[in-house]
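The model is a predicted one.

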Amino acid sequence: MSKVNTEKKRYYEPAPQDIDVENFKKVVQSRRSVRKFTDKVIPAEILDDCLDMALLAPNSSNLQPWTFYVVQNPSKKKLLIKACLGQLAAKTAAELIVCVARTDRIDDMAKRNINEFPFPEVPPLVKKYYTYIPLNYKTGYFNALGNFKKVAFKVARTLDKQLPVTAFTPADAVLWASKTTALACENLVLALRAHSFDSCMMEGFDEPLVRKILDLNDQQYPVMVIGAGERAEDGVFFPQYRFDRELFIQKV
Ligand SMILES: Cc1cc2nc3c(=O)[nH]c(=O)nc-3n(C[C@H](O)[C@H](O)[C@H](O)COP(=O)(O)O)c2cc1C
C-alpha cells in the first residue's frame, strides 16, 4: 500500500553556494566615506539598480517604512547642499539621496502585506499578524495607545510573559523606522561600490531645511543624506581605521 503524504508542502528557496566571498569582501572593504567626487554622472540604470538593492534590505515585519528621495531638481539640489552645511561631499556629489524613515504608512504597508502576499491563498496567521502588528509600532493620538501598551506590558511581564520590541512613545516609533531605514542605506552604499561608484552618508544636515525642501510631514524623518558619485583621486581623506575588535565583539 502506498503511503499517503500528509506532510505539508513547504516553500523552498535554495541558498546559492557559488558566491564569491573575496569579491564581496572587496566591496565591503573598499567602501569608504568619500568627501570629493568627480564630475562623472551615475548612469540612471546603475542608480536604479542600487536603489532596487536598497529596497531588498531586511526590514521590520516587512513594513518597508522608508522613502528614498533622489533629489535631481537643480533648485532643490542647491538648497539641499546648503542644508548639508555646504559639505564638499554634498557639493561635489553626482546624486544626493535623502533617506527618510516613515511611521505614517504602517497601516497601508500592513494591508499591502496581505493583498500582495506571494501565494494565492493568504494564510490566516499572516492575515492575523498584519491585522495586529500595526498596533505594535503605532502609539496613537496623544500617545494613548503607547501609554496603554506601557501598562499592559508591565502587567504581562509580572506574569513572566515575553514580549517583542514595541513602540511606547513616538520616539520609539522613530527608532523603529530609522533602524530599518539605515539597513537599506547600507545596502545602497554597498551596491554603489559594487558598481564602482562611491558615497558618503551624511547626518550633518539642517533637519528643518531638509523637511522644508521635501515637504515632509511630522511622521517622516530624514535619517541621512547620501552623496554618491565617482571617487575623486583625493576623495578619501585618510586610511580607514577601527579600534580593537575586542571592544566591540563579545562572545557570551
Ligand atoms: C549616520 C552617519 C552619518 C554620517 N555623517 C557624516 C557627515 O555628515 N559628513 C561626513 O563627512 N561624514 C559622515 N559620516 C561618515 C563617517 O564619518 C564615516 O563613516 C566614519 O568616519 C568611518 O569612515 P569610513 O566610512 O570611511 O569607514 C557619517 C556616517 C554615518 C554612518
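## H3 against H9

The crossing of H3 and H9 is left-handed. H3 contributes Lys76, Leu79, Leu80, Lys82 and Ala83 to the contact. H9 contributes Leu209, Val210 and Ile213. By class, the residues of this contact are 6 nonpolar and 2 charged, with no polar ones.

## Geometry of the H3–H9 pair

Helix H3 spans residues 74-83, and helix H9 spans residues 207-214. Their axes lie 9 Å apart. The packing angle is about 170°. Angles over 145 degrees count as roughly antiparallel, so H3 is roughly antiparallel to H9.

## Geometry of the H1–H8 pair

Helix H1 covers residues 21-30, and helix H8 covers residues 170-194. The two axes come within 9 Å. They cross at roughly 110°. The range from 65 to 115 degrees counts as roughly perpendicular, so H1 is roughly perpendicular to H8.

What is the handedness of the crossing where H1 passes H8? The crossing is right-handed.

## H1 against H8

Which residues of H1 meet H8? They are Val27, Val28 and Ser30. On the H8 side, the partners are Leu190, Arg193 and Ala194. The contact of H1 with H8 has 4 nonpolar residues, 1 polar and 1 charged.

## The two pairs in brief

H3 and H9 form a left-handed crossing, whereas H1 passes H8 in a right-handed one. The H3–H9 contact has no polar residues; the H1–H8 contact has 1.

Note on methods:
Residues numbered from 1 in each chain as written. Predicted model: local features only at pLDDT ≥ 70, side-chain atom pairs only at ≥ 80, totals over all residues. Heavy atoms only, no water. Axes fitted to C-alpha atoms, helices over the stretch in contact; angles between N-to-C directions. Helix = DSSP H or I, 4+ residues; strand = E, 2+ residues; numbered from the N terminus. Parallel < 35°, antiparallel > 145°, perpendicular 65-115°, else oblique. Left-handed = near helix turned anticlockwise from the far one by under 90°. Contact = heavy atoms within 4.5 Å. Nonpolar A, V, L, I, M, F, W, Y, C, P; charged D, E, K, R; others polar.
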